[in-house]
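Welcome, and please keep your viewer open. We will go from one selection to the next and look at what is there.

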Amino acid sequence: MEVKNLGILKTLFIVFARGKQISVLVLSISIPIALVTSIALALSASQQQVQLLTDIALQNASVVVSGNGFEVGVVDAVIVIGDQRVGIQIHVVRDFNAYANLINMRIVKSTKPVDKAVFSVGMEIANRFKAGVNSIVLICVNGSCFKSTITAIHRGEGYADYIVVTNSTAFLSYSKTMCFSKKEGSVAVTGILNSLNRDISLLVQLLALISIAAYTPILYLSINRVLNDYGDVIEVFKSVGATSRVICTYFLLLFVVLSMIFVLYGIALGVVVVHIGIWLLRFFGIAMLFKPTTVSELAIVPSALYAILCAIVTAVSVKRLYGGF
Amino acid sequence: MGLASLIKIVRPRAIALTLATLFTIYLLLTLFTGLVTAVYSFYDSIVSVSALQDKFVFIVSSYALSPFTSVVSVNSVENAVKGLHGVEKTVYEVITIGYIDGRAVVVRALNSSAFKELTGYSVIDGSEIDDNCFYCAWLGYNLAKKLGVSVGNRITLYSPFTSTPFILRVSGVISAGKPYDNELIIPLGVGQAFRGLSRSQVSIAVVLLSSRQSYLELAKRFEVDVEKVSLAERVILSLRYVGRRVELRTYNDFSSMLFSRLGLPKETLMLILVSISIILSLGLYIVGQALVTLNMTNILIAYELGVPVKKTKVFLALVAILCSLASYAMALALAKVLFSLVSIELLEHEVKLSIAEKDVWFLPVPASLFTLIGLAMVRIDEQ
């Protein structure tokens, strides 16, 4: 009986091969898979680029707000000089020099020496008020105002030019303590790249799934087209006693195997197309930094879904055309 | 044998299947085009000023694709507009990208009066934008909702251009329309520090002009052919804005420069769309064949009754073209409805898919062609 059943499978395959229906399945299975694979490979190249940029960002250190580390009391205040008022942030620290070192801040002017009571104003604030060292400013926090003398003017990277750094305890009661620590890599670069990569990946995955979904009617038509050629063979099988259930089961088996083969062919086709594209770009003098090397799950998951879809479409079509199951 | 006997050949089921398949492929193609176009024009939507419909707006920037890395010298723009009649105002903006609470967000910095004039924003909660508050930040309504922060909260903002964090207090939540509702607004000075620029540098300059003549004159000063401003010209011109010399080599390396900046000219975009439409339309060969095979019984009966094969095929080709055009019209109509309902998210911005009909005229061409080839390849006479 087993030999007989294998005979059915063999006959079904021979009919398929002689029916010149390979191109039909290439068009309906391999082409969408090739497209999805190309998209996945392009994304893989972009991810390699993201990885490189992240690695480069790792070479620089950045200061982050964390659970522990260098304690900084942050106060939001208003600084008044003459008739000018500006909202500024005061960073209250215990060790001024250690903080200056942490945030790459340097003193450009100071009352010498930088003693225990430092009140250092950022360069941009000082320029705005045309204030120098020894200038007296009024600092107001939550309705309370304090007179302070500028003992230093600092310059630094980023926000440092817009803040006041002091080790005076006068502002401590108004401050909210935050911890700063140094971390390898740029938090912003890594975070932004990962965030962008996540957005783009979602978009591309959506596109891949839409492509597969759009090809479903074509898949249905092509499998019907192939199955239509089996009318005479089914009659012969039935006349020699094969049941519809057995015939349908072997149909399903054959098409599952065939769909897997054509899916693999589609993946290979996608890889070849992308590499031809890269070669063409290089031919025209455009060097691509990254070559997609691995077929990611973005290609494998839709391909597996499509193979399952092939099996379902085959089962539905066989049942409709020849009965069974 | 008249038209009536030919019409009888085509089974409604075959028509329905052909229409459904073509419709699905067209819908996919329009979605794909909408996506690519939306992503392509995303950065332009960030820098454009849509509120001032009655003004002529000239935007000076130095980017191929992303405004986040643009650097424009304030002095060079001021020199360019100096003495030009009809210049109402020049607004300088810093537009960059920041990282906050696990999200990449667009950070915009400009003077409050200019922002008011450009957008006519209103404060939903908190205070008005204050140029003199260096620890304050104002959040667009949508961004505030996404981040789950309200007035008085502290936010820690990280810049890719500096190594220290910006600890800012949310001073207001504003409504200013798109794209500002998805952005974080800070005073210009803090924005320059955040972007790592000096006080004499900004990301873009928006020049508001009172007449078209002034606009054309300014364009001439920047040596821009307003009738045809390609991306390449924008890139090359931008190099002039920042004061560097443009050498012949710059023009020669045009292609590699565009690609290295991830910029794509419109022509390349069209090429990509045409290629994708051809690849996706390949499968329609099967639809063409199905149009014959699904009607084969009727075709053979008509053949027995004396209808020539050629005449049947010409009629079916006509049916295929009509189906193709009808499906395309339906897909385009549905896509437009979908585009108004559905949006994608990029950098916390809601990006609506968009499609320009002049960009998608070619979509039915490869689709109809492959359907017709499929139809032509079926050998009816062998049956």
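How far apart do the C-alpha centres of domain 1 of chain A and domain 2 of chain A lie? They lie 62 Å apart. To see them, colour 5-58 + 188-322 as domain 1 and 63-184 as domain 2; these bounds come from an automatic or database domain assignment.

A word on the ground rules: this is a predicted model, where local features need pLDDT of at least 70, side-chain atom pairs count only at pLDDT 80 or more, and totals for chains, interfaces and linings use all residues. Residues are numbered from 1 along each chain as its sequence is written, chains are lettered from A and ligands numbered from 1 in the order in which they are written, and side-chain values use heavy atoms, without hydrogens and water.

Next, show the aromatic side chains: the structure holds 14 aromatic pairs over all chains (Phe, Tyr or six-membered Trp rings with centres within 6.5 Å; planes under 30 degrees apart are stacked, over 60 edge-to-face, the rest tilted). Select Tyr99(A) and Phe180(A): their ring centres are 6.1 Å apart and their planes are at 50°, so this pair is tilted. Tyr99(A) is buried at 1% relative accessible area (buried is under 20%, exposed over 50%, partly exposed in between, with a 1.4 Å probe and protein chains only), and Phe180(A) is buried at 2%.

Now pick Phe146(A) and Phe171(A), with centres 5.3 Å apart and planes at 70°, so they are edge-to-face. Phe146(A) is partly exposed at 22%, while Phe171(A) is buried at 2%.
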